[in-house]
Amino acid sequence: MAIIGIDLGTTNSLACVYRDGRAELIPNELGEYKTSSTVSVLENGTVLVGAAAKERLVTYPEATASSFKIWMGAEKTLTLAGRKFRPEELSALVLRQLLEDAKRYLGEEVEEAVISVPAYFNDDQRCATKLAAQLAGLNVKRLINEPSAAALYHHYSAQAGNCQLMIVDFGGGTLDVSIVECFENIIEITAIAGDNRLGGDDIDRAIVGQFCQENGLVEEGLAPGLRASLYRQAETAKIALSSAPAASIFLQQEERRYSLLLTNDILRQLCGPVFRRVRTVITRAMKDRSRGGRLSDVILVGGSAQLKVFGDFLEGLFGRRPHVAAAPDEIVALGVGLCAGIKERAEDLQELVMTDVCPFSLGVSTYSRRDDRTPHMAVLIPRSSMLPASHQERFYTLNDNQRGLRFEIYQGEGYFASENLKLGEVEVQVPPGPAGEQSAVVTFTYDIDGILHVSAQSSGGDFRERLILNPGLHLTEEGKEQAMERIRQIQLAAQGDQRDQLLLERALRLYTQTIGQGREMAASLISYWKNLMDCGGRIQRRRDYDRMKEQLDMLEAAVEADPLEGGVWFGEPEEDEDFDVEWED
């Protein structure tokens, strides 16, 4: 039985295993390492996960969801095709698909998984990730911060030697910044900072906002399918600008065609608010690091970190161009794969040591004086403390004949307790006596897996201890079993069907994006391919798959072409060009 590593991302997710002396990415059914973190419900109740589901964001937006990772740990419900899902349940479906792909590829059962999370995920979000894993049928004992996983693999693969690095992990929905010190076989995280609501999705929103402003449109007034198409084009244009001087976005609404010519200068202006938030996070990480000294390098990971405008911004900030990591989309997954190898006690990884830090301050609410009505937070474990961390502090009674001391436990950086995330509480009894005579010692222990253990020992001998677990997410055994049963009853597309379904969903999307001969071609492809799928013609589908894909590629190229720049558009086909989809065996 194997232990695998999983990078559960906002935009894409990957799985990895350590075997034969290396971290090996696990391909999905399409032969790709990245599985889109998108879920869609078909009319028959079957669930698609991945590329085929992503295609349906345009054609069936009411039945499809993506970027739900940003809602992990929140009281949020998403409705797909009339069925309600919590973000943890949607994430569980993605994890379940990765698990099925791993079992198929490895040819054995999966015993355990290590999952990466944004470094700045709070307790609720980490608990939600573990719950998603449980619902997917995965045994997960260890979560690792994403930039820590990236640092681990970078140091291991590049043999960088003794250095101090900044790892900037800028993905679709989150930003993490870590300061890492590497010495021989030790990788030590000395500071982390982040923003769980900042990523490439924010840049896409800015582009869409600019498109609507220039064309006199109201985004909220657009049909869901048109909005999804616009966001898809915004993402494509954003990426294209890293290698091209300009990119165009088009939208056909009834008889009108709207457009936007996007350049790097325009994109740089649109990214201004996003990059200011990035600067704030980087500054906090630099101030929090436990040791000074110069940085050896800045390493960029994550999809959004590859954007040219982002590299330009950081070059202006640091005075030198940062380095994009080798395989920036995959480095976190590869690092988590190494963690899986360490957990399996792989012989060649036994000397590799990695430490991490506490992402948020942890403490209890306390009062400064008897008439104080607004409790503040007394910090026991400051943020960026090396893990595992333990600290204790004594607290005294404020009132005469007080019989107990109740400690509310918080996570966060706010001065007032109410500004932080409440994790739980613990209470001990004390003998009655004058104010300040009786007391209790509170001990916090925060382990490497992000589990907080709290104990309180009163001067009267009363002792209480507890593990801090999110009551809203840690269901009762009965509630957990019911949730797991709901997930088990959801049927994922069968092996072999995802590949074919992707072509159908792609053709359906292209049908909505074309008119005239292009639409006729799409309709012909849809009719032919759907008939093969409905009739179970698996052999014929296998024979015609490549030809079908070629036709869709041709159609896609025409949709993406800019007619104002002389790009290819639909006219009469060449004499030797055959759009007839009744192909020969």
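Modeller: I will start with the helix and then go through the charged pairs.

This is a predicted model, in which local features need pLDDT of at least 70 and side-chain atom pairs count only at pLDDT 80 or more, while totals for chains, interfaces and linings use all residues. Residues are numbered from 1 along each chain as its sequence is written, and side-chain values use heavy atoms, with hydrogens and water left out.

The helix is α6, residues 224-240. Helices (H or I, at least four residues) and strands (E, at least two) are DSSP runs, numbered from the N terminus. The expected span of a helix is 1.5 Å times one less than its number of residues. The 17 residues of α6 should therefore span 24 Å, and the end C-alpha atoms are 24 Å apart, which agrees.

Which residues of α6 are buried? They are Ala 228, Ser 229, Leu 230, Ala 234, Ala 237 and Lys 238. Buried means under 20% relative accessible area, exposed over 50%, and partly exposed in between (1.4 Å probe, protein chains only). These buried residues pack against α1 (51-59), α5 (200-215), β15 (246-253), β16 (256-263), α7 (264-270) and α12 (497-513).

Take α5, where Asp 204 lies. Asp 204 is buried, because its relative accessible area is 7%. Leaving aside neighbours within four places in sequence, Asp 204 is in contact (heavy atoms within 4.5 Å) with Tyr 231, Ala 234, Glu 235 and Lys 238.

Next comes α1, which packs on α6 at an angle of about 125°, with the axes 6 Å apart. That makes α1 oblique to α6. Axes are lines fitted to C-alpha atoms, for helices over the stretch in contact, and angles run from 0 to 180 degrees between N-to-C directions. Angles under 35 degrees count as roughly parallel, over 145 as roughly antiparallel, 65 to 115 as roughly perpendicular and the rest as oblique. On the α1 side the contact is made by Lys 54, Glu 55, Leu 57 and Val 58, and on the α6 side by Gly 225, Ala 228, Ser 229, Arg 232 and Glu 235.

Two of these residues, Glu 55 and Arg 232, also belong to a network of salt bridges with Arg 506, Arg 509, Lys 549, Asp 553 and Glu 556. A salt bridge is a side-chain nitrogen of Lys or Arg within 4 Å of a carboxyl oxygen of Asp or Glu. Side chains of opposite charge can pair when their charged atoms come close. The structure holds 35 salt bridges.

One of the salt bridges joins Lys 103 and Glu 100, with the closest N and O atoms 3.5 Å apart. Both residues lie in helix α2 (residues 87-106), three residues apart, about one turn of the helix. Lys 103 is partly exposed at 24% relative accessible area, and Glu 100 is partly exposed at 35%.

Another salt bridge joins Asp 288 and Arg 383, with 2.4 Å between the closest N and O atoms. This pair links distant parts of the chain, 95 residues apart: Asp 288 is in helix α8 (residues 272-288), and Arg 383 is in the loop between β21 (376-381) and β22 (389-396). Asp 288 is buried, with a relative accessible area of 19%, whereas Arg 383 counts as partly exposed at 25%.
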